[in-house]
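Trainee: I should like to learn how to read the features of a protein model, one at a time. May we begin with the structure in view?

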Amino acid sequence: KILDDIKAIEAKHGVEVELDEDLLAEVIAITEYPTSLLGTFDKAFLKVPSEVIITSMKENQRYFPVFEGGKLSNHFVVVSNAFIDDFKKVVAGNERVLKARLSDALFFYENDLAKGLSNEGLANIVFVEGLGSLADKVARETKIAEYLADKLNIDAKEKNILLEAARLGKADLMTEVVYEFGELQGVMGCYYAEAMGLDGGVATAIKEQYMPKGEDGELPKTLAGSLLSIAVKLDSLLGLFSIGMVPSGSKDPYALRRAAIGIIKNLLHFSINIDIGKTISELSKNYKNFETVKLEEFMLDRLYQMFGDINPSVITAVLASGDRDVVSIAEKVEALNLFVKKAEFKEQFTTFKRVANISKDIGLTGEMPVNTELFESDAEALLWGAYTHHDYENASYHEILAALFSLKESLDRFFDNCMVNADDEGVRINRKNLIGRIYRQFLLVADIKEIGV
């Protein structure tokens, strides 16, 4: 009934009604005789940012916002529960209530514009007990932002935008609109930064610092916004882990799992290559001492959630390679998964697990020389030739894996014809080095023995 009414309103007035699913579910739950009605408010209120008007409508009055040509119009849809024939008084009453709400919003907005963005007062607001005030958090976030900018060697202009956005990122928490509508933090900071004439990149980064806000939330469109988002989330993770506020079971009051996933999504979105382990270790110096490896593991564990449609052992195998760059980890996981999904993989796995088992007692560091003059069988020469035929250094992860898996036939022939633990020490070491070289090359992508088939 509600949806039919709304469709009729859209057709009659040439408008589009935004159907928020959560709001619709709430309205359905509180109405027994629903009738969708179109109301109007003064166009003068449209000078207030649309997000403020929409939030006020939804949260305070349970109204659906109305758009014309993609822009917010001075209309709204209210769902009445009155069992009457004439709804004029119902519409008029709702228009009066909304006018009062929007008058307040306009008053708050104009006051904020007059004051501009300022960090004054942040020092008086505690972030979390043991981690100082919001001013302290801003200072830490700015340090992280600078660290990331230097690590990635971004240009001076982009760095200045990032640091200015970090410095003013929490200033809108002191504004009247955000005090009234907390979910508009960042959004209002963007509007106020623009009104102050700050660089557009600074304004955008202030808004993007909280992205993504949910599982399928929008991601930043700018590098500065993405780096600030990472800095904001990374400070919360480092800070809370440093005071023992580690999520356990289903309890995660500070949404640290979501923060970790947000960091990973930002890194992947802009292909930002940083070593998570080293980054955590280096930045942890600004916090109370704690086991940084626990935070590293916590963040990497999120990959299993993000790659939920992939065999978890594939992720485990890639992580066992020691890689801590999320971008390359994701590339390796996707490349390896293509081979694991193939019907012939089980047969390949048997051969390469044997390679891994033989290599476990071999030191895989150093040159591991292979002397072709010590070959006693054609199988050795054929395997060495097949292995060295490929250019691993300039190949993609998929090409590396394809090259290694193509060695199966040569490896099987080698195992059938050669005793690895030969009596002659030189031959024995030479054969172990040959197998070890193949396994070591595999380890640069993943540890195959960790895969479950």
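Mentor: Let us begin with a definition: a residue counts as buried under 20% relative accessible area, as exposed over 50%, and as partly exposed in between. Please keep in mind that this is a predicted model.

Trainee: Is Asn153 buried or exposed?

Mentor: Asn153 has a relative accessible area of 66%, so it is exposed. This residue lies in the loop between helix H5 (134–152) and helix H6 (156–168).

Trainee: How many bridges join E3 and E4?

Mentor: Strand E3 (residues 64–68) and strand E4 (residues 71–80) pair in the antiparallel sense over four bridges. Phe64 has Val77 in E4 as its bridge partner, and Glu68 stands opposite Lys71 in E4. The hairpin of E3 and E4 has two residues between the strands, and Gly69 there takes a positive phi near 60°. On its other pairing, E3 joins E1 over two bridges, again in the antiparallel sense, with Val17 opposite Val66 in E3. E3 is mostly covered, as four of its five residues are buried.

Trainee: How may one check the length of a helix, for instance that of H11?

Mentor: One compares the expected span with the distance between the end C-alpha atoms. At 1.5 Å a residue, the 14 residues of helix H11 (residues 256–269) should span 20 Å; the end C-alpha atoms are 20 Å apart, so the two agree.

Trainee: How many residues of H11 are buried, and what covers them?

Mentor: H11 is mostly covered, with 10 of its 14 residues buried. Among them are Leu256, Ile261, Ile264 and Leu267. The covering elements include helix H10 (223–242), H12, H13 and helix H15 (326–340). Just after H11, Ser271 takes a positive phi of about 50°.

Trainee: How does one describe two helices that pack together, such as H16 and H20?

Mentor: One gives the angle and the distance between their axes. Helix H16 (residues 345–359) and helix H20 (residues 425–443) pack at an angle of about 110°, with axes 9 Å apart. Angles of 65 to 115 degrees count as roughly perpendicular, and H16 and H20 are therefore roughly perpendicular to each other. Phe352, Val355, Ala356, Ile358 and Ser359 in H16 meet Ile435, Gly436, Tyr439 and Phe442 in H20.

Trainee: What does the side chain of Ser284 reach?

Mentor: It reaches the backbone oxygen of Ser281 at 2.7 Å. Ser284 lies in the loop between helix H12 (276–283) and helix H13 (292–306). With a relative accessible area of 14%, Ser284 is buried. Leaving aside neighbours within four places in sequence, Ser284 is in contact with Leu238, Phe290 and Thr292.

Trainee: Which peptide bond is cis?

Mentor: The bond from Met211 to Pro212 is cis, with omega near -5°. Pro212 lies in the loop between helix H9 (200–208) and H10.

Key: Residues numbered from 1 in each chain as written. Predicted model: local features only at pLDDT ≥ 70, side-chain atom pairs only at ≥ 80, totals over all residues. Heavy atoms only, no water. Pairing = 2+ DSSP bridges. Buried < 20%, exposed > 50% of the residue type's maximum accessible area, 1.4 Å probe, protein only. Polar contact = N/O pair within 3.5 Å; in protein donor to acceptor, adjacent residues only side chain to side chain. Contact = heavy atoms within 4.5 Å. Expected span 1.5 Å × (residues − 1). Axes fitted to C-alpha atoms, helices over the stretch in contact; angles between N-to-C directions. Parallel < 35°, antiparallel > 145°, perpendicular 65-115°, else oblique.
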